[in-house]
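Visitor: Please give me a close look at a single part of this structure, with the cut-offs behind each term, and then go on from there to other parts.

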Amino acid sequence: EALCHLLLPPESSSPSSLSADDFVNHFEKKVDDIRSSFAKSYDTAGPAHTALPCALTSFSPLSPDEISRLVTAGRPTTCPLDPIPSSLLQTISGDLLPYLTSLINSSLTAGYVPSVFKRARVAPLLKKPTLDPSDVNNYRPVSLLSFLSKTLERAVLGQLSCYLSQNDLLDPNQSGFKTGHSTETALLCVTEALRTAKANSLSSALILLDLSAAFDTLNHQILLSTLSELGISSAAHAWIASYLIGRSYQVAWRESVSAPRALTTGVPQGSVLGPLLFSLYTKSLGSVISSHGLSYHCYADDTQFIFSFPPSDNQVANRISACLADISVWMTDHHLKLNLGKTELLFLPGKDCPFHDLAITVDNSLVSSSQSAKNLGVTLDNTLSFSTNIKAVTRSCRFMLYNIRRV
């Protein structure tokens with residue numbers, strides 16, 4: 001307790017005026033406002049697609065040993081919806097293994113997710129400790145899911161990922177939630193492309209797209225249609241449809257819990273499957289960017305694209321504007337909101353470049369270049385010196401060392 005008093009900053013006093021219902025109303029209204037900006041009708045059939053030679057028609061039952069590994073390998077995070085602590089469940093999982101095996105395999109073979117596994121408890125979290133805790137807009141929702149529901153998701157994730165990898169159906173420029181990939185590999189890919197362009201005396205523009213509540217507005221019918229195009233059908237398709245439909249959540253704040261609210265769009269952010277499903281949902285965005293001759297890289301809902309060009313090119317702004325305009329149309333068609341006000345542009349001038357600034361206009365919004373931009377937790381600057389990021393890291397290290405000195 002003494003160490004916590006020394007090391008942790010004082011907690012801001014949460015105002016008594018906010019309630020669980022205030023938060024649930026705010027979170028629901030935010031998503032509803034975004035959804036209302038999209039067309040009510042949409043064509044899930046789309047253009048004709050070439051039939052794939054591969055198909056995933058069902059998920060295979062798992063052996064008791066495989067179930068045991070899934071249960072014991074997961075982090076023992078406990079959700080208020082769990083009947084017992086997850087660490088205790090892992091300890092006694094050997095005695096419960098026949099029941100756990102029957103439960104998970106019944107779900108996989110029947111293509112059905114139990115309704116009790118589709119509930120979430122949402123905890124509001126202040127975005128920054130310096131923000132006003134009395135303003136509901138300064139909080140973001142953190143979804144907590146039951147341990148067994150995430151275990152069932154892991155059983156599906158393994159088979160779904162294997163099918164997608166074996167049949168080369170994953171976007172090669174997506175680093176999110178892929179084996180051997182991370183935010184580090186995504187950053188290395190982007191910075192290496194920028195350094196290579198600079199070494200070849202080319203200028204570059206790095207655009208970091210910002211989406212508003214992307215995971216929450218994902219349209220289920222469009223996602224299910226996309227999965228069908230990837231060869232996922234029959235019981236496997238039915239399982240994912242059951243996983244998406246009929247979900248609900250409650251907001252927990254202090255000692256109160258809001259009434260349940262239905263989720264008709266989106267995938268749970270705290271889930272195991274959600275990030276992969278979102279990556280599949282946005283896979284076709286890459287072809288939109290590539291059609292303009294730009295390269296791109298993604299990490300879940302963080303999308304960034306690069307345009308490298310000779311200093312003599314005077315059509316740079318027009319080409320990037322055209323690409324952003326098509327991206328905006330794609331986003332609207334897929335019920336995602338592109339936030340141009342928070343989209344960042346980093347311009348890296350090459351040798352003998354006649355201009356050292358860049359501004360793009362899209363949908364009556366101006367995107368101006370800045371000296372630095374935060375990308376997946378790392379601050380990039382327009383000279384790739386990383387000096388801004390190094391200063392931030394050293395400040396953080398000094399703060400930690402100061403705390404150690406106090407102890």
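Guide: Helix α6 (residues 147-166) packs against helix α11 (residues 274-281) at an angle of about 35°, and their axes are 10 Å apart. This is a predicted model, in which local features need pLDDT of at least 70 and side-chain atom pairs count only at pLDDT 80 or more, while totals for chains, interfaces and linings use all residues. Residues are numbered from 1 along each chain as its sequence is written, and side-chain values use heavy atoms, with hydrogens and water left out. Helices (H or I, at least four residues) and strands (E, at least two) are DSSP runs numbered from the N terminus; axes are lines fitted to C-alpha atoms, for helices over the stretch in contact, with angles from 0 to 180 degrees between N-to-C directions.

The crossing of α6 past α11 is left-handed, that is, the near helix is turned anticlockwise from the far one by less than a right angle. On the α6 side the contact (heavy atoms within 4.5 Å) is made by E153, L157, L160, S161 and L164, and on the α11 side by G274, L276 and L280. By class, this contact has 5 nonpolar, 2 polar and 1 charged residues, where Ala, Val, Leu, Ile, Met, Phe, Trp, Tyr, Cys and Pro count as nonpolar, Asp, Glu, Lys and Arg as charged, and the others, Gly among them, as polar.

L280 also belongs to the lining of the largest cavity, together with L169, L170, D171, Q174, K178, S279 and K283. On a 1 Å grid over the protein atoms alone, a cavity is a set of points where a 1.4 Å probe fits but cannot get out, a pocket is an open set with protein on both sides within 12 Å along at least five of seven lines, and lining residues have an atom within 4 Å of a point. Grid points are joined across faces, edges and corners, and a volume is the space filled by probe spheres set on the points. The largest cavity has a volume of about 60 Å³, its lining has 3 nonpolar, 2 polar and 3 charged residues, and the count of cavities of 30 Å³ or more comes to 5.

The largest pocket, for its part, has a volume of about 1800 Å³. It is lined by 49 residues, of which K30, R140, L211, A213 and Q269 lie nearest its centre, and these 49 divide into 20 nonpolar, 15 polar and 14 charged. Helix α2 (residues 20-36) gives the most to this lining, with 7 residues.
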